[in-house]
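Student: I have a model open on my screen and would like to learn how to read it. Could you walk me through a few features?

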Amino acid sequence: MDVMAPDPHATWDHTAEAARAWMTAHQVDLEPFRHEYPEALDDEYERFRPLQRMLWDDGWNRLGWPVEVGGLGGSPVHRYVVAEELSHAGYVYPHILGAVEIIAPMLNRFAPHLAVDHVPAGVRGDEVWSQGFSEPDAGSDLASLRTKAVPDGDGFRLTGQKMWSSNAHIASWSCLLARTGDADSGYRGLTMFWVDLKAEGVRVVPTLLGNDRCDTSEIFLDEVYVPASHVIGEVGKGWAVVMYLMQFERGAYAWCRQADMHSLLTELVQDHADEFGPGADGVLGDAYLAVLALRAQARDTIGELALGNDLGPAISIDKVLMSAAEQTMTEAARRLLYPRLELAGPADEYAELWRRRWAYSRITTIYGGAIEVQRDLVAERLLGLPRAR
Ligand SMILES: Cc1cc2nc3c(=O)[nH]c(=O)nc-3n(C[C@H](O)[C@H](O)[C@H](O)COP(=O)(O)OP(=O)(O)OC[C@H]3O[C@@H](n4cnc5c(N)ncnc54)[C@H](O)[C@@H]3O)c2cc1C
């Protein structure tokens, strides 16, 4: 047996060991993927695409995806183990694969006919996808969204506006939630569509965020034709589809983030400890603790998701811990490198990177569901505390 080949029947430990052996054997090829730079999303995607392709060609990111969509089968936990090994070895786990971890399970379950072509393309890095749920007047209260989908021949015409759509300006497809029911049909009148962002009537306008990057976009839809074959799940059942997806946004994605955060902290200590002032141990301790708490929770979650279990409101715990870890970690870097993040100019790339990470971490209490709402879900639905409203 090839010790460096991905094996869907191996133990987790064997997979980790095999992935490490593969990385050692491919050190030279992997070297360009060791560092992040303060660059635009488009450039970052293009730079890490070859890594996605390399992982695909040698099978590592195909572990745990069904054979029907080009995967090797087995449990997704194998793939999560590989993601963590890559991060721990100091390589950048391609950001775009995080979006694949969120969207592909939904395509596999609710639209296998679309998954056959799109999942391999997404995993390989040939396609980027986005999520089009939030609107100017519908975020936490998603069920009030107003983008309309009106039947037209063999399909639908979509009209409305989406915002905060991550990766949309570099994406070719969006899973987009629209109203097929009456205006007051609430969550019962929603349908999920797979929308071609290059189709006639679609306009994507990038939004500049506080981290100096356009990570999200607005999507304007003007009578965009979407064939009925691009309905994900059933007409009027979009709420169940988006709730299914949210488990992966708050769970599987959290796992990828904790691995990345752990690796960033380790790099900070290894390469910059001589800059740290007094009290560094406590600051670092808090940061590692926040990341490890997320790891412990996300480890259980990815196991449950791999078994196909529905996590319900418990998934909000992962989201709360993920936001806490992101903010504690970046605040630790700010304090440990003080005053570099505040004062260094853009030529100091390391400070610039952490400055961007710090700014983006402020947003982690909003995307994937506002933290106050997640805390309410934990309080009311898990702990049974009285409703505040
Ligand atoms: C960087 C980033 C990336 C994103 N990516 C995507 C994406 O890819 N696709 C997508 O569809 N959306 C995306 N979003 C949107 C995100 O999901 C929404 O911003 C989020 O759900 C909050 O909605 P809102 O902005 O409308 O704020 P609101 O819902 O208006 O909330 C404003 C404030 O009111 C509080 N609040 C609202 N309702 C309650 C309540 N019931 N109880 C207690 N407090 C409440 C909130 O906690 C928040 O502090 C992204 C957002 C950001 C910032």
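Predicted model: local features only at pLDDT ≥ 70, side-chain atom pairs only at ≥ 80, totals over all residues.

Student: Which residue forms a salt bridge with Arg257?

Tutor: That partner is Glu326, with the closest N and O atoms 2.7 Å apart. The pair links distant parts of the chain, since Glu326 sits in helix 10 (residues 315–336) and Arg257 in helix 8 (residues 252–272), 69 residues apart. Both Glu326 and Arg257 are buried.

Student: Where do Glu352 and Arg355 lie?

Tutor: Both are in helix 12 (residues 349–363), three residues apart, about one turn of the helix. Glu352 counts as buried because its relative accessibility is 10%, under the 20% cut-off. Arg355, at 23%, counts as partly exposed.

Student: And how should I read an interface between domains?

Tutor: The size of an interface is often given as the accessible area lost when the parts come together. Here, domain 2 and domain 3 bury about 490 Å² between them, 60% of it on carbon and sulfur atoms. Ser140, Asn211 and Asp212 supply 61% of the area that domain 2 buries against domain 3, more than any other three residues.

Notes:
Residues numbered from 1 in each chain as written. Heavy atoms only, no water. Buried area = accessible area lost by both parts, 1.4 Å probe. Salt bridge = Lys/Arg side-chain N within 4 Å of Asp/Glu carboxyl O. Helix = DSSP H or I, 4+ residues; strand = E, 2+ residues; numbered from the N terminus. Buried < 20%, exposed > 50% of the residue type's maximum accessible area, 1.4 Å probe, protein only.
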